[in-house]
Amino acid sequence: MTDFAVWAPAPAAVALDVDGVSYPMTRADGGWWRTTVEAAGDARYGYLLDDDPAVLPDPRSARQPDGVHARSALWDETGPAWTDDDWAGKPVEGAVIYELHIGAFTPAGTFDSAIAKLDHLVDLGVDFVELMPVNAFSGAHGWGYDGVLWYAVHEPYGGPDGLARFVDACHGRGLGVLIDAVFNHLGPSGNYLPRFGPYLSQARNPWGNAINIDGADSDEVRRYIIDCALRWMRVFHADGLRLDAVHALVDTTAIHLLEELAAETDTLAAQLGRPLSLIAESDRNDPRTITRREDGGYGITAQWDDDIHHAIHTAVSGERQGYYADFGSLATLAATLRSGFFHAATYSSFRRRRHGRPLPTSQIPATRLLAYTCTHDQVGNRALGDRPSQNLTAGQLAIKAALVLLSPYTAMLFMGEEWGALTPFQFFTSHEDPQVARATAEGRKAEFAEHGWDADEIPDPQDPDTFRRSKLDWDEAGGHGHRQLLGVYRALIGLRAEADLADPWLTHLTVDYDEDDRWIAMRRGRLALLCNLGEATVGVPVSGEPVLAWGSPSYGDQTTRLPGHAFAVLRT
């Protein structure tokens, strides 16, 4: 016999449908409906609400073998044959994280095919794999941020069994696994949750209605989110989550959802006996997100830091459009490296208001901020999905890598970045609803047309070729120029084991620069990173024992001469 339960305070009657046979359910306290019936392990089931003949999938479905509009399937969470009993986990602070999209990481686009590439990541030296969302969404391929059944694993990737095999394989190679979880909105196609209860609020965010986490009947919605988050770590052995756009979580309660989730995550970590981490994507530049709960913060382990990305990218590339407008100078880069946030209660021209709050650098270590040169957003949300490697020299790419990987921050790479992949990562969808598909494609073109792009140049996200173009070409990694860049990435990651680079405090970081000559020098202990962001050879007044370089620097007693687009690491 199998127990079925669903939270559905909205309908007056609920019935369970198992393979076409209907069973009445009994209403219990708090809007829950329950029944116990005999169901085979491969049964397809769903719920009938009131007099509507449509069978809706389970809001807590573990499997959707036939897509998000079809019946759910039972899945035995004790079924996977785990071999990671000895996995003790690892802390995320100070680590190197590798973000990837399962569908675009390999030609086959599955968990199993991704396992075959894990040894590459081990050789690269990264500590964690971060998966872009793997929850169930409409269509065969997409970024995953339009998820509508958060508990189910996207079936085309390999479903829940495939995810379990992938995590187990990562742990067997010493790699931790982080899963990108989206709790701030629901996708436009296949979202049946409002039929069951008040999952959505009247508040709006960029993707539509916000999730009801502070209104009437929101306690069960919060429980829905927290149970889902903990499930990734408990059932699938994930080592933590990346929490998408937490600034879009509208919560006016005294105990913010993030604080509640962080507390329950810490409790689960104690039960499991291994570290569990939460990494927030936050646009607020608010240190409270990563301040410990006992000090009045939310207690989130770490957060993405777009200011570091913007400061490095603009200084190296020269781009200044849109939200890059306040960045670009070496003074801005130096200030951001020293302080973590550039916008810290300062005016943002893009937002046309003050933004952020200063990071207390003597209290919060730099390792609670993630630094990166590429992410799925910073590549895929460009009009053409073009990577820096498609526009910059190899030397410029090496400089960006050195600034991130030798900084005091927790570092993150985006798949293919390490060899300068030339394949784009474009915005792709496969919505099954023709109206949603058309609106998505037209909206994408209109958005960039407002910024001066020819609408005909914008890739159609619904075109299967847009997805195919976005897959990595692994043959590139062995090519001449790519192989050299890959070697530098490996060497830079290896240097992070140096004792001087283990210091997480920004108060101990020294940054000097020359705006006119376009050089910047970052010192950590006895190690110094010198970068020439310009094209002409310059002399940097720092000397020492050469450790690593890009280009052909020459070393003197008082000065190091750097060619254009080159860097040198010295032990002073």
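1. A residue is called buried when its relative accessible area is under 20%, exposed when that value is over 50%, and partly exposed in between, using a 1.4 Å probe and protein chains only. By that rule Ser201 is buried, because its relative accessible area is 13%. Ser201 belongs to strand E13 (residues 200-205), where helices (H or I, at least four residues) and strands (E, at least two) are DSSP runs numbered from the N terminus. Leaving out residues up to four places away in sequence, Ser201 touches Asn209, Ala210, Ile211 and Asn212, a contact being heavy atoms within 4.5 Å.

2. A word on the basis of these values: the model is predicted, with local features needing pLDDT of at least 70 and side-chain atom pairs counting only at pLDDT 80 or more, while totals for chains, interfaces and linings use all residues. Residues are numbered from 1 along each chain as its sequence is written, and side-chain values use heavy atoms, with hydrogens and water left out.

3. As for Leu131, its contacts beyond four places in sequence are Leu100, Ile102, Phe111, Leu163, Phe166, Val177, Leu178, Ile179 and Asp180.

4. There are 26 aromatic pairs in the structure; rings of Phe, Tyr and Trp (its six-membered ring) pair if their centres lie within 6.5 Å, and planes under 30 degrees apart count as stacked, over 60 as edge-to-face and the rest as tilted. The pair of Tyr98 and Phe105 is edge-to-face, because the ring centres are 6.2 Å apart and the planes stand at 70 degrees. Phe105 and Trp474 also form an edge-to-face pair, since their centres are 5.3 Å apart and their planes are at 80 degrees. Phe105 is in helix H1 (residues 102-105) and Trp474 in the loop between helix H13 (464-469) and helix H14 (480-495), so this pair ties together parts that are 369 residues apart in sequence. Both Phe105 and Trp474 are buried, and Tyr98 is buried with a relative accessible area of 0%.

5. Trp474 also has a charge over its ring, as the charged end of Lys117 sits 4.5 Å from the ring centre. The rule here asks that NZ of Lys or CZ of Arg be within 6 Å of the ring centre and within 35 degrees of the ring normal. Arg242 lies over the face of Trp304, 4.2 Å from the ring centre.

6. Salt bridges, defined by a side-chain nitrogen of Lys or Arg within 4 Å of a carboxyl oxygen of Asp or Glu, number 27. Asp266 and Arg293 form one at 3.0 Å, N to O, and this pair links helix H7 (residues 257-272), which holds Asp266, with the loop between strand E16 (277-280) and strand E17 (302-304), which holds Arg293, 27 residues apart. Asp266 is partly exposed at 36% relative accessible area, and Arg293 is partly exposed at 26%.

7. Glu498 and Arg571 meet in a salt bridge at 2.8 Å, N to O. Which of these two is buried, and which partly exposed? Arg571 is buried, with a relative accessible area of 19%, whereas Glu498 counts as partly exposed at 24%. Elsewhere, salt bridges that share partners join Arg60, Arg223, Asp227 and Glu264 into one network.
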